[in-house]
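Have a look at the sequence and the coordinates before reading on.

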Amino acid sequence: MLRTEGALLNELATSFEYPNLEPEMKNDSTVIVRPARNVAGSVRLPGDKSISHRYAMLAGIAKGDSRLKNFSTGADCASTLTCLRALGVDVQRTGDSVAIRGREARLQPPDAPLDCGNSGSTMRMLSGILAGQNFSSQLVGDASLSRRPMGRIIAPLEMMGARFVAQNEGRPPLRLTGGDLKAISYHMPVASAQVKSCLLFAGLFADGETSVGETVATRDHGELALRAFGAEVDHCENKIRIKGGQTLRGIEAEIPGDISSAAFFLCAAALFPGAELVIDNLLMNPTRARLLDILMLLGVKISVTQLEQQHGELKGTVKVEGRDLGTVTIAGADAAALIDEIPVLAAIAPYTSDGIEIRDARELRVKESDRIAAVAGNLRAMGAKVEERDDGLKIPGGQKLHGAEIDSQGDHRIAMAFAVAALCAEGETKIRGADAAVISYPGFFAALESVLER
Ligand code: S3P
């Protein structure tokens, strides 16, 4: 059994509606994870976080009604819904379904700051829509979000005609004044799907055709979502183009399971030779599924069946069978494609035969925490040797880890990654600030427990 300390965690395992967490609440819960003997069974994941954000935002500015089934249960997507309500959008949540009545491009000025909680996606992508609105809004976030760089959306949105007031080198809180936008042709200096979606959303409100170029291909949910809502989006080589003035129409959708949340289960199963785990209804979008290739390169057996597509998003049933793990290097385009999965890959690296090297992943330093430092520090606490580099990590294989006190740093992916590392450690691991998991996956610890054999 996973033992939980603190009432909040019990609630997390069973409840599906979460208020935004205050930063102070992020470190008041501990989960104790004991080693496991095997992983077996099946799980089904709540809807993908990236798609949930985008569908909700576009539904808010579409004409007509949208119904989004299997909407993400995470606090981040709840932040997006909270902001949409504050902008006058009618949002009704029933079970795992969200019904949104679109306002046809024109939102209502908010009468208080828009609280984006812990969610960089909310702040960055919603800014694209707010840039096209004829009013000012303030965007605020928790302590972690307030440290994150927003210059990457401020610079291009200002070129389009929006005006910003930010703090301390482009950090939140932001004051954004929107209005008439002009189209731009912009090449992104950082590989960021959030920036790409932000600019394509702003492009809907611009006079002319907006073009966004990327050197490294990032997740394409923004492009697919815009098309699903009826917009024409052109993708040629590394440039995505959208014409302003297009009307979106509401959709019915069932959102595939979140593959970045599935990563924790896939990696847990990978650790145990003989393990067998099935995950159905899982997002299989090729720009998100690189983890499956990496696990196969490590020696894991993976099979995918029941492939289906809705609104351009592929989903399927994945079966993973654990094996002895070899070695792999993640660099270049893979670092961007696996940006959310690197913490858990790094957490299982000591248990591989020859280790895992991660390069070109400097972006991890400006996520919900400095994930390179958080992974290195917590692996060392468990007795691992780790080489920390400016843009990545080199983690030797063939290591034995012991249970330790893990500091999640209030970061959901760090809390969950180390719950996986703990499964093969000797002794108990205490994960401090485990309630951060609610950001993307409330119920994670209960779901993990349900597939463990001891
Ligand atoms: C996301 C893109 C990634 C990722 C984040 C979600 C998205 O961020 O880390 O969790 O939904 O577009 P960047 O695009 O900033 O790298």
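Strand 14 (residues 209–213) is largely enclosed by the rest of the structure, because four of its five residues are buried. Buried here means under 20% relative accessible area, exposed means over 50%, and partly exposed is in between (1.4 Å probe, protein chains only). Helices (H or I, at least four residues) and strands (E, at least two) are DSSP runs, numbered from the N terminus.

A word on the source: this is a predicted model, where local features need pLDDT of at least 70 and side-chain atom pairs count only at pLDDT 80 or more, while totals for chains, interfaces and linings use all residues. Residues are numbered from 1 along each chain as its sequence is written, and side-chain values use heavy atoms, with hydrogens and water left out.

Back to strand 14: strand 12 (residues 185–187) runs parallel to it, joined by three bridges, and strand 16 (residues 239–243) runs antiparallel to it, joined by five bridges. Two strands count as paired if DSSP finds at least two bridges between them. V212 of strand 14 is the bridge partner of Y186, and V212 also stands opposite I240 in strand 16.

Strand 4 (residues 65–69) pairs with strand 17 in the parallel sense over three bridges, and K69 has E254 in strand 17 as its bridge partner.

## Cysteines and a buried helix

How many disulfides does a search of the whole structure find? It finds zero, a disulfide being a pair of cysteine sulfur atoms within 2.5 Å. For C77, the nearest cysteine sulfur is that of C83, 12 Å away. The sulfur of C116 is 4.3 Å from the closest cysteine sulfur, in C83, which is too far for a bond.

Helix 4 (residues 120–130) has 11 of its 11 residues buried, so it is largely enclosed by the rest of the structure. Among them are R124, M125 and L126.

Here are some single-residue accessibilities:

| Residue | Relative accessible area | Class |
|---|---|---|
| C77 | 1% | buried |
| C116 | 0% | buried |
| S29 | 1% | buried |
| Q306 | 57% | exposed |
| D360 | 46% | partly exposed |

Most residues other than glycine have a negative phi, and most peptide bonds are trans. Q306, in strand 19 (residues 301–310), has a positive phi of about 55 degrees although it isn't a glycine. D360 has one of about 60 degrees, again without being a glycine, and lies in the loop between strand 22 (356–358) and helix 12 (371–381). A cis peptide bond joins P172 and P173, with omega about -5 degrees, and P173 is in strand 10 (residues 171–177).

S29 sits in the loop between helix 1 (7–14) and strand 2 (30–33). S29 and A415 are 386 residues apart in sequence, yet 11 Å apart in space, C-alpha to C-alpha.

## The whole protein

In total, the protein has 14 helices and 27 strands. Its radius of gyration is 21 Å, close to the 22 Å that the globule rule gives for 454 residues, so it is as compact as a globular protein of that length. That radius is taken over C-alpha atoms, and the rule is 2.2 Å times the number of residues to the power 0.38. Along the principal axes, the C-alpha atoms fill a box of roughly 60 × 45 × 45 Å. Buried residues make up 60% of the 454.
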